[in-house]
Every structure is written in structure tokens, then in C-alpha cells.
Amino acid sequence: MMKQDTDKTYCRILLDILAEKGVTDVVCSPGSRNTPLLLGLSARDNFRKHFVVDERSAAFMALGLSLVSQQPVALVCTSGTALLNYSPAIAEAYYQGLPLIVISADRPEQWIDQDDSQTLRQNEALANFVKKSYSIPAYGDDNPELRWYVNRIVNDAVLSAVSGKKGPVHINISLSEPLGKQGRFSDYPQRLINLIEGDSIGNKEIIKNLAEEISNSKVLLVAGFMLPDAGLQKAISIFSRRPNIAIMAETISNLHLKAFDYSVDSVLTNLNEEQLLKLKPDLVITIGGALVSRKLKEYLRKNCKDVKHWAIGYNHTTVDTFMSLSLRIDIDPVRLFRNLNSALNKKKVAKNVENYQQSWEETRLKSLAVKQLYIESIAWSELRAFDIILKRIPSNYNLFLSNGTAIRYAQIIDYNLPHASYCNRGVSGIDGSVSTAIGGSLAYKGDSLLITGDLSFSYDIGAFNIQETPERFKIIVMDNQGGGIFRFISSTSGLEELEEYFCQPPKLPLKLLAEGYDWEYYEANDEKSLETSLKSLFASKRKSILRVVCDGKLSAEILKNYMKI
């Protein structure tokens, strides 16, 4: 007889990951809403199923199993107060540090609080006594992105339960009717995300295995935003000498490497599908925070879905930006790369991957030549202005960039990096850019420069009231008559309502503000006046502000043409 399974895809994903992660004991309580979970468990022979009617007893039984075996144990219950009966044992597990994985079936979200049976609020009901809470939706299991989401959060739930100080986690899965429908069982392997914790790095065998994989792979190291770190700078410089390693570093990664290591958008813009396929890595290693470059994210999501991805560094959760994460390494990157460099010194790079870095370098040099020709051919615009500005910033400056177009232009123009570069990319808002830069300038003995758009600047105009602003602080305001990014991004650039509803040109009396707050003021509206103003700005010993006026609509068209959007 053909083996039957629940037809609920999300339940299959959940149970398969638990099994492949080594969860062997599941304590179940009967119910109606959890029928798909029980059917799924019945179809899987790799679980030991323990059936206990009373959820309070079931939870304590699971606690005892985990306590003595020192292994994660799963709990499965139906909807309603069944979940709340787990509370005493889950609280005990939390303070004992025992990895229980609570799985509660729930009604679809739209029925919660609607006076139907068992429609109480289950999501985060155990929040005070679990390490993390997760919610799986009732619908959308035909959507690849939602299936990826469920895979990711279940991986994260198990990793959270068994890592650091172990403890319980809660997965609340909404299930729609029909509940008892079945389909053919398929033993389809789920993508697993593994974890190496910092205290494991002393294990020479782990480092040896990582180094072995690196030596036999075409490796693309991707660096997002990070603070300056001399130790990391040295370690990455040594790591990048190996001929099978290419680097994509963003401007605010604060790594000082070869110039073309920063040509992220410029190179990807100029490559066709065939060229991208030839440059495809076997292994992507990421360090630092969120990426600015949409081009890079799209390339790695679309072209590199089947490659391995290692994420290095501490994080609060499993971050799977490219939808291909295979390994989290929760450790200070400096420590890891030092250990890797020592191990790699003893290994030869495989012949079939030893030209990978050279292939990227040759491609990048061609792309940079194309970029320079384009910039020289265009009219006065933001791209032309940024090309001039970023060439002129003294190397000892700290550079602050606002979100919107400022950070994106800095990604394209990458001639030389100043002392350090910063941008509020944690959540990428336009608010507070001026105040952040002023605060940063107080913590640095040298000069600081903020480059911001007019909308971001006006949003934080109250920063002029900060009394401590140092005299060595400078601002360049790119006046493109409103939110220039909305003229550029595809979701808004073609709308009839663009200028009235999105760009919102601010009333910005910069000259009067400068005079009122005793700042020096400069203005530029072409290349010649910009060159002159920049000399004065950088020579000044006083707080200074430079307004650079460009046609916003023309600038957006020039940028879109370059980025091939």
C-alpha cells in the first residue's frame, strides 16, 4: 500500500527538518486542529512518538526526556488552551536550559478572537519562557518564497533551541481545513542550515574541514557594513591573496582593499547572463551587515541559489538574505579568519579554481573603463557631481552618507575610500542622518563630512540646534528637488503621482540656515563651481555646508541608463 502523508506542505517541511536535525522524540497529545501534524508524524518512521492525553503531563514528560538524554525533544498539541497547559513545564525548561521544541496547531489568523471555538491568541503565548517564538501561516504553500520562509524559521528554531544556553522555542502553525486530507509520502530532503559556535573554533578538525572546502572552491567573499577594524583588515588582506578568492566589498564595509573590490554595482550592471554564469562561485562567504546593492542581492538570489553560503559573525537570528544559507558561524570574524589563514597556508588551491580571482579582476577592469567613459559623456547631474566629490575627499576624513541616493552613488563611485565610511543601514531610514554624523564627528579627532540628499537633510533639520557640533564638521547637500530615489526605483519612477506624492521637494533655505547658525555656506550648480567650492570647503576651519544643485529628473534618467533599469 502506498505510504500516505499529510497534504500540508508546511507540516512536511517542519517535520522533515526536525528529523534531519536529529530530533528523535516527539511527545504528542490528540486533537482536531493538529491532525495534519499527527498524520505527518505517522508517516515518518524516524521519530519515536509518545502519546499523552493531558498536555500538562505531556510537557513534563518531554522535559524529563530532554533532561536525561540531553537532546532536543518536540511537543505537538492542538489549538486552544492545550498550549497553555504546557506553560509550567516550559518555564521549568527555560530556567534549566533544556531544548524543548513546542509545536502548537492553530486556527487561521483571520479567525482569532472571532468567538469561534478555540480561537484564542496562541502566537507568542509562551513568550516569557521561550528563547524565541515563530509563526507559520495557514496559506501560501504553493509560493516558493513562503516555503523558503518556513524552511528558514524552522532551521532557526532548532538552532536557537540547541545553541548557546539551550532552551525551549515555540512554533505556532496555523492550519486550515480540510485537516485530514492526505497525499503521497515523498522522502524529499530539506535544506538544512548548520551552526558552528565560537567555542568550536578551537577544534582543529573543524578549521581543517573549512579550509579544505575553501581550497577546492571558487569563493566569493561579500562584505556588508562594518566598523573599521585593523585586525579584520589584516586578516582579510591575507585571506584575499589566494587566487580562488574574489571579493565584493561595499563602500561602508570599511575594508581598505584593491579599488575594484568595491566595484559591485558597476561590474554587475555590465554583465550579461552568460558572463554571470561563468563567474558563479561555488561558495559565498558573507561578513558584516545588510547590503546596499540590490544588484548583488539579485545576482546571488537568482544565479547562486544552488551554491553554499556561509554567514560569519554574531547575529540575533538566522539571516538568509540570498535564500541559500547552509552554515552559520557565530564567531568574531577576526578570530575565524586568523585560524583559517593558518590552516590555508598548509593547503594548495585546486587547479580548477585557481583562476577565479583573475577572472573577476579582468571583468572588473573592463567594467570600470565602461563606467568612466559613461561618466565623461554625461551632462551635469548627480552622478557627475559624485564622481568629482568622492575623488576630492581627503583620505583622513570620516565620511557619513544618508540613505536614499547618496549611499547608492557612493557604491558606484569607488576611487578611493576615506579613513572610514558610515551610513545608518541597520534599518535604512532617512531620519537622523545629520544628528548621527554630528555625534560621530564628536568621537573622531579628525574632520568629518556628511553627504546627504535634500529630503533626508530637511527631515533632520533640528540637528542645527545641537550646540556641540565641532567646527571641523562639513555637510554636502545634494539638492535634486526632493526624494531622488523615487525617480529611480522601478516601483515609483513611472507613476503619474511621482512628483506630487513621493518626491515632495522640501523648502530648504540652506543659505539662511547657514547664516543664522553661523556656518560657512557654498553653492555649486556646475562642474567648475563644484571644484571651486570643494577646495574652499575642505580648506575651511569652520563648520561648512555646500549645496550642490542638480536637475533631479535628468539625474534619475542618467542613473537608470547606467544601471540598465
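**Ground rules.** I call a residue buried under 20% relative accessible area, exposed over 50% and partly exposed in between, using a 1.4 Å probe and protein chains only. This is a predicted model, so to speak of local features I need pLDDT of at least 70, side-chain atom pairs count only at pLDDT 80 or more, and totals for chains, interfaces and linings use all residues. Residues are numbered from 1 along each chain as its sequence is written, and side-chain values use heavy atoms, with hydrogens and water left out.

**Val219.** Is Val219 buried or exposed? I found Val219 buried, at a relative accessible area of 0%. Val219 sits in strand S10, residues 219-223; strands here are DSSP runs of E with at least two residues, helices are runs of H or I with at least four, and both are numbered from the N terminus. I then listed its contacts (heavy atoms within 4.5 Å). Skipping neighbours within four places in sequence, Val219 touches Ile214, Asn244, Ile245, Ala246, Leu283, Ile285 and Tyr356. I also checked His316: from Val219 it is 97 residues away in sequence and 25 Å away in space, C-alpha to C-alpha.

**Strand S14.** I count strands as paired if DSSP finds at least two bridges between them. S14 has 5 of its 6 residues buried. Strand S9 (residues 194-197) pairs with S14 in the parallel sense over 4 bridges, and Asn194 stands opposite Leu327 in S14. S13 also pairs with S14 in the parallel sense, over 4 bridges, with Ala311 opposite Arg328 of S14.

**Largest pocket.** My pocket search ran on a 1 Å grid over the protein atoms alone: a pocket is an open set of points with protein on both sides within 12 Å along at least five of seven lines, a 1.4 Å probe being used, and lining residues have an atom within 4 Å of a point. Points are joined across faces, edges and corners, and the volume is the space filled by probe spheres set on them. The largest pocket holds about 770 Å³. Of its 37 lining residues, Gly288, Gly289, Ala290, Asn315 and Val319 are the closest to the centre. Elements giving two or more residues to the lining include helix H5 (144-162), strand S12 (283-287) and helix H10 (294-303). Which strand gives the most to this lining? I noted S13, with 3 residues.

**The six-stranded sheet.** I traced an open sheet of 6 strands in the order S16-S15-S17-S18-S20-S19, with parallel pairing. Strands S16 (420-423) and S19 (520-524) are at the edges with a single partner strand each, so one side of each has no neighbour in the sheet. S19 is joined to S20 (residues 544-549) by 5 bridges, and Glu523 stands opposite Arg547 in S20.

**Cysteines.** How many disulfides are there? I got 0, taking a disulfide as a pair of cysteine sulfur atoms within 2.5 Å. The sulfur of Cys11 is too far for a bond because the closest cysteine sulfur, in Cys28, is 12 Å away. Cys28 is in no disulfide either, its nearest cysteine sulfur being that of Cys77 at 10 Å. Both are covered up: Cys11 counts as buried at 0% relative accessibility, and Cys28 is buried with a relative accessible area of 0%.
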